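I opened the model today to look up a few residues and some totals for the chain. My entries follow in the order I made them.

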Amino acid sequence: MSVKIKKIKDSQYIVWCDEKDIGTITTYHNEFHNKYLYLKFNLTKYPTYFPFSKIKQIEGQSLQVMTSSPNTNLIHLLLQNGFKCKRQCYTPEVTKKDLKIKLNSNYSIHPFNANSKNYSALCHLLYQYYQEVHQAVSPLTVSENTFVK
């Protein structure tokens, strides 16, 4: 199986597999994590081998991909070609009833919004937390002001 790529626009590559056009890969930067070049796939099939090193060489930046877990064919391609899964994200929906340890009645939950008195303090804590948990995988590259906006 022969895979070839060619840059056709500033941020787009066309991909051929065995001389057949199988789609494109678009590159983009994530303002929040600008250390890496991100790839977005629009392929009709995923070959076993892929020349990611050519994209890295042309672009002069390390590559990163974000995808959802049901996209198993893409994940398999990435893992087979040297990518590492560094983080998995989940969006659980929980209520107080789901807690294994009940909340102490001394604690109360306070809804808030951008007009709340403690909004800026909470945003500062969220910024610090986000910065800390992303440092090892993909460092945060925006100011706190941009993060809050």
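**Entry 1: Asn-30**

I began with Asn-30, which I found in the loop between β3 and β4 (37-43). Helices (H or I, at least four residues) and strands (E, at least two) are DSSP runs, numbered from the N terminus. The model is a predicted one, where local features need pLDDT of at least 70, side-chain atom pairs count only at pLDDT 80 or more, and totals for chains, interfaces and linings use all residues. Residues are numbered from 1 along each chain as its sequence is written, and side-chain values use heavy atoms, with hydrogens and water left out.

Is Asn-30 buried or exposed? I read a relative accessible area of 16% for Asn-30, so it is buried (under 20% relative accessible area; exposed is over 50%, partly exposed in between; 1.4 Å probe, protein chains only). Setting aside neighbours within four places in sequence, I found Asn-30 in contact with Tyr-38 and Met-66 (contact means heavy atoms within 4.5 Å).

**Entry 2: Thr-24**

I then moved to Thr-24, in strand β3 (residues 20-28). Thr-24 has a relative accessible area of 16% and is buried. Which residues does Thr-24 contact, leaving aside its neighbours within four places in sequence? I listed Gln-12, Tyr-13, Ile-14, Lys-40, Phe-41, Asn-42 and Leu-43.

**Entry 3: cysteines**

I looked up Cys-17 and found it buried at 2% relative accessible area. Cys-123 also counts as buried, with 9% relative accessibility. For disulfides, taken as pairs of cysteine sulfur atoms within 2.5 Å, my count came to zero.

**Entry 4: the whole chain**

I counted four helices and five strands in the protein chain, in the order β-β-β-β-α-β-α-α-α from the N terminus. The radius of gyration is 21 Å, well over the 15 Å that the globule rule gives for 149 residues, so the chain is more spread out than a compact globule. The radius is taken over C-alpha atoms, and the rule is 2.2 Å times the number of residues to the power 0.38. Along the principal axes, the C-alpha atoms fill a box of roughly 65 × 35 × 25 Å.

I noted that 28% of the 149 residues are buried. Of the contacts with a separation of 6 or more, 46% come from residues 24 or more positions apart.
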